[in-house]
Amino acid sequence: MVQQSADVRPALLETRGLTKVFGKLTACDGIDLTIRRGEIHALLGENGAGKSTLVKMLFGSLEPNAGEILWDGRPSRIPSPGEARKLGIGMVFQHFSLFEALTAAENIALSLAEKVPVSTIAERARALSEAYGLPVDPSMMVGDLSVGERQRIEIIRCLLQEPQLIILDEPTSVLTPQEADRLFETLERLRAEGKSILYISHRLDEVKRLCDAATVLRHGKVVAHCNPRDETAASLARMMVGNAVQAVTRTPVAAGAKAEALLEIRDLSRPPATPFSIPLRDVDLTVHAGEIVGIAGVAGNGQSELFEAVSGEALQRDASTIRIRGRDAGRLSISGRRLLGAAFVPEERLGHGAAPGMRLSENLLLSRHRTDRRAFFSRLGVVFSGAVRKASQRIATDMDVRKSATDPEAAALSGGNLQKFIIGRELDRQPSVIVVNQPTWGVDAGAAARIRQALVELARAGSAVLVISQDLDELFEIADFIAVMHDGRLSKPMPTAEATSEAIGLLMGGAEPGHAAHEAAA
Amino acid sequence: MLIAESILLTIATAATPLLLAAIGELVVERSGVLNLGVEGMMVMGAVCGFAAAALTGSPWIGMLAAILAGVLFSLLFGFLTLTIATNQVATGLSLTLLGLGLSSMIGEAFVGSPGVKLPTLANGIAEIPLVGQPVAGLLDLLAGIPLIGRVLFAQDPIFYISIALVIGVTWFLFHTRAGLVLRSVGDNHASAHALGTNVIGIRYLAVMFGGACAGLAGGHLSLVYTPQWVENMTAGRGWIALALVVFASWRPLRLLAGAYLFGAVSIGQLHAQALGLGIPSQLLSSLPYLATVLVLVLISRNRRLTMMNTPASLGQPFVPDR
């Protein structure tokens, strides 16, 4: 009853029929959303469901084409982020909006409307960071900070503006499980203070644990309002995807007799190539035929540097530090390593994995012009465009790539479909070694399941698969062994059956490998 | 007058236009815009300044005209690269070509006509009623100090402006909120936009400041350095100013050192030619440019230094998604 009388006040934020159209695509279609005071409200949906567009409209970065926003019961226009902040809306971005060449305090100063000297802000930030358990040194250059620390700066920056509503966009995607727990404590404290939080995530167990209400989006429309505590993870997933996601099937490799080692990394060290990159320190890893080895770790701990070294984007001084199918490959170019039977899929799809402005068939040719020279070129170097197109069509069919034209430009595909094509392009060669960096980052659940299944099948056919991923659930699903990368060091791989997410989480946070291995064994 | 003193004076005069153009470009680049049109804005400043001074007889009006010409020319660049987001490199290059051509056309009538020289600081102040005479007298007295007296106290006003600008820009960039905002726009324009900063507006202001400085540098050439109009009289100084910004790794005080080092090399080679060392004069005249290349090569070797200071969004057009 007391609760009811408190609810006489209008909801903190309400949207009615909010719509945003980009050209032919309706990114948000008549969104109704109600966020009450002192509530953690989850916004669920797959990639491309319209979550980011909706949030951008609430934070004033985008203007809606139709519909209205009620703030505290009053219709409000939010034309700019500055206006949103004035109303009392704060935002912590998924892709951090920090300035790397400035200090933490300068970064915070930039987001505050009042003209306070940077030194005063540093003091206030320090006080606030202690009060909420978010340790950060305000005088550090942001470029030198870890991802978790950067997120803390974002949160402190947001809290200094004393917002009523805090929007968090996929906050745990860059955190270790332990860091995520600390974040949840902070969020619960904020809720107890009566602040509202709009929590965007696709991690359903988090949402079930933390949130009081949820709004589920699919293809730009609201498909459900619900209380996540009354739902199961499976029922939430069904609402998001529209049908049940197929589970990946995998038969574990037989332990005991080891198959041939196809990819060996021996004492690999690399000095940092840029001021913002991580040195590699004595990385040791072997991937045998038929195995999937996963490398876990918080982003920015040397994974990209390792990928560059293994793929041949950066050459090693000592050729024997990387061996592919028993041959020293550390001094070989990317094509040289591909000719040995290796294949590589980098993290960034557009601009690294594929040339955005070129057609799929051209992208296929770009990566396989050396390995499939006979099939794609005449003896004088003229392209057999028919053969290339046919191969690219075959890959698209095999991987269920959904596209609007027969041979569209890479940039015209959605992230998930392009990733399916890029992985399919490598799998089509039946490589004996494949190294994939973040295979399903930002890919919707259906496409992710397809990609994982394809990697599992490749390993079953006798290839060595190395998967670098930030998604622990993914590694637990497909990998036979999991190693953890932290600060340029790689832990000893442990069998997935014996690994726990606590043990992995401790390693991701920088615990001594020996210590964690002991715990895992116990 | 001692020979050393006169050498110092000529070095200061040679360095001033470089320093002016470079300090303007430094601010432009700190905001994330690469304006390769410095040479074009400079030469427009030179011709417009000379023309205005010749027509009105006042070198002061000439200086104002030079600044105005630089600003107007930079606004053209700003409209193209900021408002309609054209490629900054191509636009800057065409701005230089346009400036060189346009200035020859405007300046045709003024080739060979007598110039009006800007008075030195003391002579300028003396014209102010009441306080002017005693202050000028004091300055004349101070100029009598051996070796450095004339360098510090008997120069043209633009020299003092250039030094004040370096100090002012240092203070602005690193000690004011507006400077912080400008640096943030240069570091990551998407984030700055997300914070509600008016990226395009700030870049317009920076580009205009760069234009004003380049125009002033041009005016210095045609009204102080050599008070006359000669076609293409900037002679590549705009390009050297651009190189100096990289040399200084986007720090104003290092820019001061760079400009004077460069001034010293260009004056040094003149004296070396006069001494008749038997080195071909063409080789000596190319020394300043060789020095630029050498310094740039040495700077680029230290990647950490360059990367920490380079504005990360330099040269990238910004188009807000709306």
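1. Chain B has a radius of gyration of 20 Å (taken over C-alpha atoms; the globule rule is 2.2 Å times the number of residues to the power 0.38), which agrees with the value near 20 Å for a compact globule of 322 residues. The C-alpha trace of chain B spans about 60 × 45 × 40 Å along its principal axes.

2. This is a predicted model: local features need pLDDT of at least 70, side-chain atom pairs count only at pLDDT 80 or more, and totals for chains, interfaces and linings use all residues. Residues are numbered from 1 along each chain as its sequence is written, while chains are lettered from A and ligands numbered from 1 in the order in which they are written.

3. Chain B has 16 helices and 0 strands. These are DSSP runs, numbered from the N terminus: H or I of at least four residues for helices, E of at least two for strands. Of the contacts in chain B with a separation of 6 or more, 78% join residues 24 or more positions apart. Contact requires C-beta atoms, placed from the backbone, within 7 Å.

4. Between the chains, 20 residues of chain A are in contact with 17 residues of chain B. On the chain A side, α3 (81-87) and α4 (104-111) give two or more residues. α4(A) gives the most, with 4 residues.

5. Chain A is assigned domain 1 (2-241) and domain 2 (261-521); the bounds come from an automatic or database domain assignment. The domain centres, taken over C-alpha atoms, are 33 Å apart. Here 15 residues of domain 1 of chain A are in contact with 17 residues of domain 2 of chain A.

How values were computed
Contact = placed C-beta atoms within 7 Å.
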